[in-house]
There are 2 protein chains.
Amino acid sequence: MPPKRQNEDSILRKIANGSRSSWSRAARKSLAMGIGDDAALFRPKPGHETILTCDWFLEGTHFLREKHAPDAVGWKCLARALSDIAAMGGTPGCFLLSLALPETHTGRWLEQFLGGLRRASRKFQCVLAGGDTTRQDKILINVTVVGEVRTGHAVLRSGARKGDLIYVSGRLGEAELGLQLLRRAKVSASTNNPLLKKHLYPEPRLELGRWLAEKKIATAMMDLSDGLSSDLARLCSASRVGAVIRADALPCVKPSGTPGGSSKLPSPRDLALHGGDDYELLFTARRGALPSVPWKFRGLPIHPIGQITSGSTIVLAEPRSTFTKLRALSPGGWDPFRKRL
Amino acid sequence: MPPKRQNEDSILRKIANGSRSSWSRAARKSLAMGIGDDAALFRPKPGHETILTCDWFLEGTHFLREKHAPDAVGWKCLARALSDIAAMGGTPGCFLLSLALPETHTGRWLEQFLGGLRRASRKFQCVLAGGDTTRQDKILINVTVVGEVRTGHAVLRSGARKGDLIYVSGRLGEAELGLQLLRRAKVSASTNNPLLKKHLYPEPRLELGRWLAEKKIATAMMDLSDGLSSDLARLCSASRVGAVIRADALPCVKPSGTPGGSSKLPSPRDLALHGGDDYELLFTARRGALPSVPWKFRGLPIHPIGQITSGSTIVLAEPRSTFTKLRALSPGGWDPFRKRL
């Protein structure tokens, strides 16, 4: 059955109607004017500054129309943009959705997409404030998230100093493993498969980021979106330092966690070093702050994985029985100009 | 010669380097953290709220790779997003640039694009604060602009009341005429052609918008991006009113302004009613405010074109010698789900 003919205003109404009834209301206080005008108006709390970030989520580059359920596309496009708010130690406020769709996708696909987006909006307390809609052959998504952070409390990438310990939250490489399994699947994968959960429905570490910023524990912080080897290089470059990472301290996926007969999958260590899309937090803290950094934060493990050094090289230390092998760690994570999905 | 191999970080450096030296510095005070971290930090002046707006600018939908010079693409993608700030009566602060490019366009095309973008940034005092870059076969642009407006002074679409006079700035239909001429041109058109100027290099009416908001003259306001017939319907719908427009009061392009032998071009009146991309301001004001609304604002003409009515219909009144012909005016402007470039 051909889809009902839509125009821009009818699609906007579909998005906005959902907004009134089902988008998160928690952040409404800060939103003086939402959908339906030329622009949205946002009022951060007194003593706070506004955080701004935007993220592409494009068919063919970031997701595949045939393999990724629209519900997961909706969830993930917001969740990954929120991860940048977590990385600054901020609190989400509202978001703008720019959506370009083929006309065939303005019916059921759009509804399921909005369903996933709405669940993420409620879960992470970030309300839809506006956006722009147009037509394209490919599905194109751009999400701008606006948040707030107490003035002077935002954690930047540039604050790491020699001697600081390096930490990551969660387990690294799970999302990349999920992507690899999804690519091998013949059809659209079940969104309930636990091995795919982190790839399809990532959770920005907002509570941890906020806590580390409020307690002034993190000296530098960013989220792991492209892979540890690429992202740590960015943090070190911004802080003008080097780093040494202990290979045996990396929180990898368990080999038993990967399905049998998948011999061509990267090793758990390579997944942890170079796998993208984890949206865990990478942060540094003074050595003296060690007792303040918990092993677990509200159920989420936190692992010390290395230390900041002077210089500019990033070294991977692999302890062997009688010596430690050192090798330079080059950025090998996700780069849209080198790799395709 | 094949373009030099680029990766995401090298492209970001190209954008950010320009930023340090040549982007507008005027708005830096409000920008606590710009390019180079997970997100930007924006501090509106005390007593002000943050304005947020985003806009697609996509190859094939909003511009044509072969016909639109990269310099004009750079200028226009920011200028049109700024028009939404003007429509709220706000002042620009900073913008986020989401850019997806084919690898072949990361050299000269990108440099010329950034040149036009930088000129608009300086002219309209809006500094680049961050963004996201990725690869695609098509050129995809999304711009989020962040501005500020004195709390409570933003002019919404919803404030028009029965009896208010309806005004537009500038001349309507010029940009559409420029587009039509460009489509007929065999090659990329000269960016100096005065008939194309408004289509290629629109100027958001920031000063007028701010003045109308500060003086509390405008009761409702929006920018004309899709065409008067479509945009006025949106303003009336938001205000729950109708309108009557005097056809003879529309500031149309002069027939002498269109080149000879272009018999298939729409009439000046149709260009004014339905042509998109003008980025003029459409606003309403109480009849009593008539003496406060100048005929010209800093050289920009302002025309009263009609009046707000009760009800919900929009009527075009065409005065004839012995009577006035009335007809319903349906939205006939730009709609990406109905038309293509």
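Predicted model: local features only at pLDDT ≥ 70, side-chain atom pairs only at ≥ 80, totals over all residues.
Residues are numbered from 1 along each chain as its sequence is written, and chains are lettered from A in the order in which they are written. Local features need pLDDT of at least 70, side-chain atom pairs count only at pLDDT 80 or more, and totals for interfaces use all residues, while hydrogens and water are left out of side-chain values, which use heavy atoms.

Two copies of a chain are related by a rotation about an axis and a shift along it. Here, chain B is superposed on chain A by a rotation of 180° with 0.0 Å of shift along the axis, at an RMSD of 0.0 Å (least-squares superposition on the C-alpha atoms of residues with pLDDT of at least 70 in both copies). This is the relation of a two-fold axis.

Chain A and chain B each contribute 71 residues to the contact (heavy atoms within 4.5 Å). Of the interface residues of chain B, 100% are also interface residues in chain A, so the copies meet through the same surface. The buried area between the chains is about 5700 Å², with 53% given by carbon and sulfur atoms; buried area is the accessible area (1.4 Å probe) that two parts lose on being put together, summed over both.

Zero salt bridges are counted between chain B and chain A (a side-chain nitrogen of Lys or Arg within 4 Å of a carboxyl oxygen of Asp or Glu). On the side of chain B that touches chain A, strand β3 (residues 48-58) of chain B gives the largest share, nine residues; strands are DSSP runs (E, at least two residues), numbered from the N terminus.

Terms used
Helix = DSSP H or I, 4+ residues; strand = E, 2+ residues; numbered from the N terminus.
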